[in-house]
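I opened my notebook to look up a few things in one protein structure, and I wanted to write down each term with its cut-offs as I went.

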Amino acid sequence: MRKHAIALLARDAGRRDARAVSAGLIPLTAAADVQTVRQALLALGHAGGQGAAQAIAACLDHPNMNVKKTAAAVLAHTGTPAVVPKLLTWLGRHDNPGLRAELTRTLRAILGDGFAATVVAAADRTADTRTRMLLVESLSGSLSERAIRALAAQGSPAGQALLAALPDPGTEPSSNPVDELANHGWTVEAARQAVELHEKDPDAPGLQRMARLRPMLPHWLDLAVTADRDAVLRLTMRLCPPPWSPDELQAFARALPTLAAGLAEIGPPHHPQLLALIGEAVACLPDGRAPEIAERIRALPVLGAPELTLLRQCGGVPTCDDLERALSATPTGEEAVLREAFALGPRPPDGHPLNSRERLEELIKTFPTADTDTRRRLLDQMLELQPLGAPPWTLTEQARRPSPDDTRAPHPGDLDQPRSQAQRERLLTMLDDPTRSATAAHTLLSWPEPETRVAVLRAYLRGKLAALTITDRLARALHQLDETELREASGDVQERLVRLATDLDAPSRAPLIPLLLDWWTNGSAKTRTTIEQFLRGAHPDQLAEALAPHLDAGAWGVLDLLKGTSIRRTPPLTRAWQRLHAEERENLTDRITLLDGPLRDPDAAAEDAAVLAALRDRSHAPTAHRKRPSHHDLLHKARTGTPAQIRQALDQLAEAWTEGNRDRELADLLIELIGHSDPAVRLRAHRIARRVLDRPAYLEQTIRLLDDNRSTVVVSAAKTLSHARWEPAIPALVALLTHKHPTVRRAAADGLVLIGEPAASALTHASARARPDRTVIYTTVLHRITAQP
């Protein structure tokens, strides 16, 4: 309540009331609870009164880091030269990156052009080496190399420290995001930096070796969902040019909704490549997904001839509205748009089109130069000659052409006649003729209409096509049958249906899993072997989802279908595993591996974003009516949720935690999450562990961060352990003296010097066992320790 009251007071106060508001808020900066102090500081910053600068600067001494950062940020708006000494004191004392950034920003705001000179003077006056190094680190990029060398020549201690930090001539530049990803694996932070670098300067030297990042294609496509989609896709098009391997096309197919959405804004240089990519990836989609991509193409703000081509590749049929939009969007490419819409193809270099296509050709050539009224009439004539989406209407003209004398006259029963209703009826009738049924089936399966394939499928299930070779086209027709019709199958029909279903690929088997699972558990032994073959060929996660009701009922026999697979952990599987362990039947799960992570469709991220956007548009219920999650629910969410959900649950658990509370469950959870795969979760858990765990336990967990794959995390952990003078960390700090990153090596050396004499024996031991060329690494640190007073 105090927090919201303070915020309202600051919001309603005008500039003329700044002094009165500040007088009422200054006492609150000494409150006992952190939230009140932070809100009071923010309110003072909003009021803008400089009379409170000293009280705000005093909050830099507060034990809570969030209060320190808030005070430093507020002083950028309310600070005066009188608070500069306090700011410099903390800048030379604390190594927290966030606090140092705020202190540096505030000093620049107060001192302006005098910032560098003030910091250099403060660094020259101090006798402590660590304080001087912390001060000069804030000058990064503020002084030219010439100025630094001039300071060093004048004998300035700060100039000497800055000169030592300059890179040696001839040394390679510091690592860039591309090298970081290629050498140390995928991290979202480095990937975002690579995207930003590519957007600023596509020809930057650090981007010349981007081909090494091509194996990380799935990660880039995932990043396009959560980051700047168009910028990520532009980078992806560059690092993954054609030709594309089958695995890459599969990855692109899973991300097609994102790729299709990127067509609108990706930009002209990459637009043709993205169109070609989508056209190839559509062929890898499972049945039923291509029309969805076609609708996304149709919904693009601009349509042209390439987009109409892609629309056809996705199974879509251009409409008159699509054609008019494409013509209005490409005033200089109207002929290409019309050729694509009417499936004429490029204009022949010699000669002219055949039959009635000649008239269509002439109308298209006339269209670009016609006026508005004439264009409408020309378009109507084109549609009359050739309806959109229909095959070329040239059958009558071809029939009128004179036939050679040796041409055989067609008979009504010929199977090579053009498609027609009469031909369809003849072929369907032939399905009942044992001698010609296979020929008729092959012809009907080549037709695009689903009804003809279903008719062949029913004839096959009834046993009329025993000699027919099973094809993928016939097997996919199973999806056209109604579920009621499928469930009524029995006997030989059921056996043929199962045999046909085993020819489907894994993604296409998903709709049939529940039905065949029922037949496997309740059907005859005659078909169980074939059904088991079908179920084992399905996707393990989809099969496990269908098995959930059986596992809840204790039907452990169905676990035989999952042996030898790795599946996503779900609540039903977790419950089943717990029951099996309680019943001491772990042998049933020995060959089944559970993987952590939600079962998600490839486009689930886009769907989540749409749902979240819809929820934000809705009015929220009053806070008083919201039910706060229980402690148990938060612990469960922190163990099973996504990284964002885990961080949210940890924040709520930390907010509810009180000093002196011995929550063993929370402590165990934090220890577990410090080893989480997501770096943001690891750091959040470690930060909260500082409050919840006792000092020895907290420092023991900090040692684990010395093995982190991010150098900034390792440096922070090394500084924490060395300032605590935690002797169990000495062997790990000694090992970091040979780390690949110079900042880590420097932090480890400084930390060992800070620990002092207790580190000498470990350094001596390492020096005795090091290679001759590496002995100096350890002896240098030893000399620094022994040289200390």
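**Entry 1, ground rules.** I noted that this is a predicted model, in which local features need pLDDT of at least 70 and side-chain atom pairs count only at pLDDT 80 or more, while totals for chains, interfaces and linings use all residues. Residues are numbered from 1 along each chain as its sequence is written, and side-chain values use heavy atoms, with hydrogens and water left out.

I looked up the secondary structure and found 47 helices and two strands, where helices (H or I, at least four residues) and strands (E, at least two) are DSSP runs numbered from the N terminus. Of the 789 residues, 41% are buried, and buried means under 20% relative accessible area, exposed over 50% and partly exposed in between, with a 1.4 Å probe and protein chains only. Among contacts (heavy atoms within 4.5 Å) with a separation of 6 or more, 60% are between residues 24 or more positions apart.

I searched for disulfides, meaning pairs of cysteine sulfur atoms within 2.5 Å, and the structure holds zero. I also looked up C240, which is buried at a relative accessible area of 0%, whereas C284 is partly exposed at 24%.

How do the axes of α14 and α15 cross? For helix α14 (residues 217-226) and helix α15 (residues 229-239), the axes come within 8 Å and cross at roughly 160°, the axes being lines fitted to C-alpha atoms over the stretch in contact, with angles from 0 to 180 degrees between N-to-C directions. The two helices are therefore roughly antiparallel to each other, a label for angles over 145 degrees. In this meeting, L217 and W220 are among the residues of α14, and V232 and L239 are among those of α15.

Just after α12, G185 takes a positive phi of about 90°.

A cis peptide bond joins P242 and P243, with omega about 0°, and P243 lies in the loop between α15 and α16 (246-254). R725 has a positive phi, near 50°, and sits in the loop between α43 (711-723) and α44 (730-735); at 46% relative accessibility, R725 counts as partly exposed.

Technical notes:
Parallel < 35°, antiparallel > 145°, perpendicular 65-115°, else oblique.
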